[in-house]
Amino acid sequence: MSCSNQKSIAEFENILGKENSETLTYLVQDFENDFLKSQLPNLETDKAYEQFLKELINGNGRVWKDISQESRQLFANSTLKYEIYSVPDSVWIEKDKNKLTLSNSDIPMIKTKRKYLLPNGTFDYSISESSFRYQEPVSEDSIIKQHMNFVDINYVGSYIRALNSILNKSQFLKKYLDIRDAAGIVSPVIIANRMLESKVNFNDYFIRRLIVTEIAY
């Protein structure tokens, strides 16, 4: 590992924080040693990452539920999750057009109160809304439950600040963050396509972490 890359890693981990860095490293190692080795046992780790992305693009991706449930639970309960994402705190459907909304439409609005972590370690909240139409047998409860799983980006979290600290070290990362800033959450298939088209180095510390955070979890 070059001295320059070691400095970039140290800077990234310093911004992300010791506990979050350790959590992320554990998730990467578990993904490699538990998931990739069991699914693609005959491939070296870097080739297994590449094959995983190829299968994802072709619609033949490995069953993600096979990723360790312990690791999923670890991530779900971690501070790292809130550094990466703005997470739904509550979701409800607003039908009364006389109540304050961002739209004057009579179409029902689904409103989401999101929780995100600030740099000072406290949580803040934001509210977003969007119109929707649905037909039976889809229930409002099922729509609310579905939207409770829709995360957004924490634009002030330590994760994105850590990634921005190494922008000049990676052309792929710069292009990817430009797309992320413009479009929000990026489809895993788009990420996989861009990585393969860019011929990224699958031995790279940052590429592996992007795959784990942006695709696996």
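**Close-up views of a predicted model**

**View 1. Strands S1 and S2 form an antiparallel pair.** Seven bridges join strand S1, residues 85-94, to strand S2, residues 109-117. This is a predicted model. Pro88 has Arg114 of S2 as its bridge partner. Helix H6, residues 140-147, packs on the sheet and touches both S1 and S2. The direction of H6 makes about 165° with that of S1. Strands of a sheet pair through backbone hydrogen bonds, in either a parallel or an antiparallel way.

**View 2. S2 and S3 form a hairpin.** These two strands pair in the antiparallel sense over nine bridges. Five residues lie between the two strands. In the turn, Gly121 has a positive phi of about 90°.

**View 3. Four strands make an open sheet.** The order of the strands is S3-S2-S1-S4, and the pairing is antiparallel. Which strands stand at the edges? They are S3 (123-131) and S4 (152-153). Each has a single partner strand, so one side of each is left without a neighbour in the sheet.

View 4. The protein chain has 10 helices and four strands. The chain has 217 residues, and 40% of them count as buried. Its accessible surface comes to about 12300 Å², with 47% belonging to carbon and sulfur atoms. Of the contacts between residues at least 6 apart in sequence, 63% join residues at least 24 apart.

**View 5. The largest nonpolar core has 46 residues.** Phe12, Phe31, Met195 and Ile211 have the most contacts inside this core. Helix H10, residues 205-216, gives the largest share of the core, eight residues. Setting aside residues up to four places away in sequence, Phe12 touches Leu24, Tyr159, Ala162, Leu163, Ser165, Ile166, Tyr205, Phe206 and Arg209. Another core, of five residues, lies apart from the largest one. Among its members are Val91, Ile93, Phe132 and Ile143. In soluble globular proteins, nonpolar side chains tend to be buried together.

**View 6. Glu214 is found in helix H10.** Is Glu214 buried or exposed? Its relative accessible area is 11%, and buried means under 20%, so Glu214 counts as buried. The side chain of Glu214 makes a polar contact with the side chain of Tyr159 at 3.4 Å. A polar contact also joins the side chains of Glu214 and Arg180, at 3.4 Å. Tyr159 and Arg180 are among the residues in contact with Glu214 when neighbours within four places in sequence are left aside. That list also includes Tyr176, Pro188 and Ile191.

**View 7. Lys199 lies in the loop between helices H9 and H10.** Helix H9 spans 188-198. Phi of Lys199 is near 55°, a positive value in a residue other than glycine. Most residues other than glycine have a negative phi. Where does Lys199 stand in terms of accessible area? The relative accessible area of Lys199 is 72%, and exposed means over 50%, so Lys199 counts as exposed.

Methods
Residues numbered from 1 in each chain as written. Predicted model: local features only at pLDDT ≥ 70, side-chain atom pairs only at ≥ 80, totals over all residues. Heavy atoms only, no water. Buried < 20%, exposed > 50% of the residue type's maximum accessible area, 1.4 Å probe, protein only. Contact = heavy atoms within 4.5 Å. Areas by Shrake-Rupley, 256 points an atom, 1.4 Å probe, with all protein chains shown as cover. Pairing = 2+ DSSP bridges. Axes fitted to C-alpha atoms, helices over the stretch in contact; angles between N-to-C directions. Core = buried A, V, L, I, M, F, W, Y, C linked by side-chain atoms within 4.5 Å. Polar contact = N/O pair within 3.5 Å; in protein donor to acceptor, adjacent residues only side chain to side chain.
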